[in-house]
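The following paragraphs go through a protein structure by region. Please keep the sequence and the coordinates open while reading.

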Amino acid sequence: PVSVFCQVYSFMLMTSDDEEFHTRQVPLPLAAMPSIVHLLKTAVTMCIAVQAQKRIPSQALYRQWRFARDWTSKLLAQLHDRNCRRRFVGPEAFHAEEAVGSATAFVAEMHNEDSRARRILRLAPSLVSFSVRVHCLRQLIAQDREEVRSARAPVMSEEVENFLGSGRTVQVRRDQLVMDGFQGLNRLGTELKRTVRIQFMNELGVAEAGVDGGGLFKDFLDNLTREAFNPEHGFFKVSGEHQLYPNPASRQVSSDHLAFFEFFGRMLGKALYEGILLELPLAAFFLSKLRGRTNELNDLPSLDAELYRSLLFLKRYQGDVADLSLYFSVSDNEFGQAGQTDLIPGGRDVPVTASNVVRYIHLMANHRLNTQIHAQSMAFLRGFQDLIRIEWVKMFNEEELQMLISGSKEGLDIADLRANTAYSGGYSDSHQVIRWLWQTLSEFDADQQASFLKFVTSCSRGPLLGFQHLEPRFCIQRSGVGGSNAPDNSADMDRLPTSATCMNLLKLPPYSSQETMRSKLLYAIESGAGFDLS
């Protein structure tokens, strides 16, 4: 009976919009959701337990077990997706602590492909808390990195051989980041899992001083993605919620636009693989594609909330739909060029009526969310999956994926940052200026703390698992003095704090008062001084 209920309710949810689910509470009241989620959790964990025994007496029982497993886990996933878009229960309601057990033991099981942990994450990742799943992802990446390191060298293209022969170093001009990065890195494919070093070239074509120990690549990746995803360059557009997604008309930017999208996907995959955080707000419907999901009507608000409201109005329209003079076609206007696309063959001549309006609504949503950017999304995914396996991504929902890309949504944890900070140039944790700094940061509001973090690391959010996972380690260096043994009073007190985001380094002069330090630090972080204003 539970399996049949799951199948029927799942089909009903496929045609139910979020407004019906939350406001009209159709097909079931929200008050029933905690009990239903608990029932589904119990059923799914029982199915997993039966699978672990690897002994089902008969073929008939096996078919019943598989039917129950598939439909209970599918309905649980559907409800979890709904809850992620708009909460009706807390996230912990989906967790099954008894089934997961010890977090440490659970993560350790990731070494075994057929382990209980792997089965749970494949079938129902929502049973596991987000933090444990993040640890699992880092464990899977560490295993993959070790496999790459120990694997025999494959048959390589000339580009890859040249890359490895150069010590995995790519030369990049700062004013040509996207093009030089594209030409130097895009054809490497899975070889990007190995260490990549960047050599910046100045405007005269002369190599800048410095050896890339990881910091320069971080700096390169941060600036590359900032430029590549900039809507002004035409590869991406901004949704009404100020989030990024591929431009359907990107082919007008470059005839090689799909190759560029592959490259962008590889660079995002490389950042996730290396644990490098990026200030990259991606639209939820586009993040869904990284999970291998096909978007549907309820994903439309993350692209066009106004269109979503219009389609819901049409769905509930009480008059004669034919009077609205709608047809199965959509007008597109990209870069000033108007066009018309049929949603079905000959759609511009097929009127929308009461009998086909639901089909029209779903086809319109499908066109905007899937069809329009299908080529760009598939190219992006090809590049992304060269480094990040899709089964890893399926462990997370869209909001969680954004946190994996951009860091924790929680405010700056001053105590955690302090516990994971190194000092140089004569500073220590007990130095008066350092005590002033930590006190000042604790007095900053949330926006100021985020600006400080962005100033020193290039990202306004902290690592998901704490600052012990920040690479390189955050460091505060005494600056404006002649050396580590020079007295503080010999410093240039007019000098502003500066930073080297590639090294997560704050260069802080030994100011004579906390008020002076506070005012100069605020000026530096709010003006984005960085390297240039000192």
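**Loops, helices and a cavity**

Q25 sits in the loop between α2 and α3; helices (H or I, at least four residues) and strands (E, at least two) are DSSP runs, numbered from the N terminus. The model is predicted, so local features need pLDDT of at least 70 and side-chain atom pairs count only at pLDDT 80 or more, while totals for chains, interfaces and linings use all residues. Residues are numbered from 1 along each chain as its sequence is written, and side-chain values use heavy atoms, with hydrogens and water left out.

The phi angle of Q25 is near 55°, a positive value in a residue other than glycine. Most residues other than glycine have a negative phi, and most peptide bonds are trans. Q25 is partly exposed, with a relative accessible area of 32%; buried means under 20% relative accessible area, exposed over 50%, and partly exposed in between (1.4 Å probe, protein chains only). The loop between α2 (18-24) and α3 also holds P27, which is joined to V26 by a cis peptide bond with omega of about 10°.

P472 belongs to the loop between α21 (446-457) and β8 (474-478). A positive phi is also found at N504, near 50°, in the loop between β9 (498-500) and β10 (505-508). N504 counts as buried because its relative accessibility is 0%.

Helix α1 (residues 2-15) gives the most to the patch, with 3 residues. An α-helix has 3.6 residues a turn, so residues three or four places apart point the same way. V4 lies in helix α1 and counts as partly exposed because its relative accessibility is 47%.

Helix α7 (residues 116-123) has A117, R118, R119, I120 and L121 as its buried residues. Their cover includes α3 (33-53), α5 (97-100), α6 (103-108) and α8 (130-150), where contact means heavy atoms within 4.5 Å.

H367 is part of helix α15 (residues 357-371) and counts as buried at 6% relative accessibility. Leaving out residues up to four places away in sequence, H367 touches V330, D332, T341, L343 and Q372.

Q372 is also one of the residues that line the largest cavity, together with Y245, P248, F285, L303, R368 and I373. About 30 Å³ of space lies in this cavity, and a search of the whole structure finds 1 cavity of 30 Å³ or more. On a 1 Å grid over the protein atoms alone, a cavity is a set of points where a 1.4 Å probe fits but cannot get out, and lining residues have an atom within 4 Å of a point. Grid points are joined across faces, edges and corners, and a volume is the space filled by probe spheres set on the points.

Conventions. On a 1 Å grid over the protein atoms alone, a cavity is a set of points where a 1.4 Å probe fits but cannot get out, and a pocket is an open set with protein on both sides within 12 Å along at least five of seven lines; lining residues have an atom within 4 Å of a point.
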